[in-house]
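Good morning, and thank you for the time. I would ask you to look at the model on the screen while I take you through a selection of its features.

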Amino acid sequence: KVSRHTIREALRALRDAGLVESRQGFGTTVLRPGVPRPYVHEVASINALIELANATRYEVATSEVVLADAALAERLGTGQGSKWLRIEGYRYAPDDRRPVCWTEVFVHGDFAGVARLLGRRQGPIYLLIEDLYGESVAEVEQTIRSSHAPEHVGAKLGVKAGGAVIAVRRAYRLSSGVVGIVAENLYPV
C-alpha cells in the first residue's frame, strides 16, 4: 500500500547500492553481495557500435605495420603478403581501472594513415577512415565464439592464461568493397 513513486525511489536506491539490477523486459533481479557485475553493452546496429566506442575508452598499447603471413592471411581472410596496421590495447568502461576487453585491430594497409590519429582523437577507427579517406562502412560481419585467453592478456582481464573468454570478431567491409578493418575483442567470462 505504497505509491508507485515510493517503489521507484526504493528500486533506484537499491540499484545505486548495487543490490538489484533492472533490465528492460526482464524486470528487477536481486544480486548476490560481493559479486562483480560485468560490463554489458548491447550492439544491434552500426549506431550501437559507435555508442560502444564512445561509451568506453580504448587505450592503445602497441601499433605496428605487419605483412600477413599464411596464418594471419587466413585469420583475416586476405592474401598472404598483404600489409596491415596492427593495433593492440584494452577498452575500459568510464571510471574503471579494470579493462572491459582486450582488442586487436587490423587496418588494411591502404588506410594505415589512421595510425597518426590514434590517441589524438576519440571514437571508432572506422570513423577515422571515413574522415581521412572518404570510405564509409557498408557492412559489418560479426561472429561470437568461446576461446582461451592468451597468456599476455589473461592476467589483466582477470582470467587465468588459457582460461575461457568470449571472442567477438568484426570484419568491416567498406563502401569500395574492401575489408578495411578486422577487429577481435576478448571479454572475460
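This is a predicted model: local features need pLDDT of at least 70, side-chain atom pairs count only at pLDDT 80 or more; totals for chains, interfaces and linings use all residues.

I begin at the surface. Ile144, Ile166 and Val189 form a nonpolar patch there, with about 300 Å² of accessible area together. A patch of this kind is made of residues with over 30% relative accessible area and no salt bridge, in which nonpolar side chains (Val, Leu, Ile, Met, Phe, Trp, Tyr) are joined within 5 Å, while like charges are joined within 9 Å. Accessible areas come from the Shrake-Rupley method with a 1.4 Å probe, and for residues only the protein chains shown count as cover. Ile166 counts as partly exposed because its relative accessibility is 32%; buried means under 20% relative accessible area, exposed over 50%, and partly exposed in between, with a 1.4 Å probe and protein chains only.

Residues are numbered from 1 along each chain as its sequence is written, and side-chain values use heavy atoms, with hydrogens and water left out.

Now the chain as a whole. Its secondary structure comes to five helices and eight strands, in the order α-β-β-α-β-α-β-β-α-β-α-β-β from the N terminus on. Helices (H or I, at least four residues) and strands (E, at least two) are DSSP runs, numbered from the N terminus. The chain has 189 residues, of which 37% count as buried. It exposes about 11700 Å², and carbon and sulfur atoms supply 51% of that area. Among contacts between residues at least 6 apart in sequence, 48% join residues at least 24 apart; contact means heavy atoms within 4.5 Å.

The 13 residues of α1 should span 18 Å at 1.5 Å a residue, and the end C-alpha atoms of α1 are 18 Å apart, which agrees. The expected span is 1.5 Å times one less than the number of residues in the helix. Just after α1, Gly18 takes a positive phi of about 75°. Leu19 then lies in the loop between α1 (4-16) and β1 (20-23). What does Leu19 touch, not counting residues up to four places away in sequence? The list is Leu14, Thr29, Val30 and Leu31. The C-alpha atoms of Leu19 and Val30 are separated by 6.0 Å, although these residues are 11 apart along the chain.

Strand β1 and strand β2 (residues 27-30) run antiparallel and are joined by four bridges; two strands pair if DSSP finds at least two bridges between them. Ser22 has Thr28 of β2 as its bridge partner. The two strands form a hairpin with three residues between them, and Gly25 in the turn has a positive phi of about 85°.

My last topic is charge. A salt bridge is a side-chain nitrogen of Lys or Arg within 4 Å of a carboxyl oxygen of Asp or Glu, and by this rule the count comes to seven. One of them joins Glu9 and Arg12, with the closest N and O atoms 3.1 Å apart. Glu9 and Arg12 are separated by about one helical turn because they are three residues apart in helix α1.

Another salt bridge brings together the side chains of Glu64 and Arg86, at 3.9 Å from N to O. This pair links distant parts of the chain, with Glu64 in strand β3 (residues 57-67) and Arg86 in strand β4 (residues 83-92), 22 residues apart.

Glu104 is buried, with a relative accessible area of 6%, while Arg75 counts as partly exposed at 39%. Salt bridges that share partners join Glu64, Arg75, Arg86, Glu88 and Glu104 into one network.
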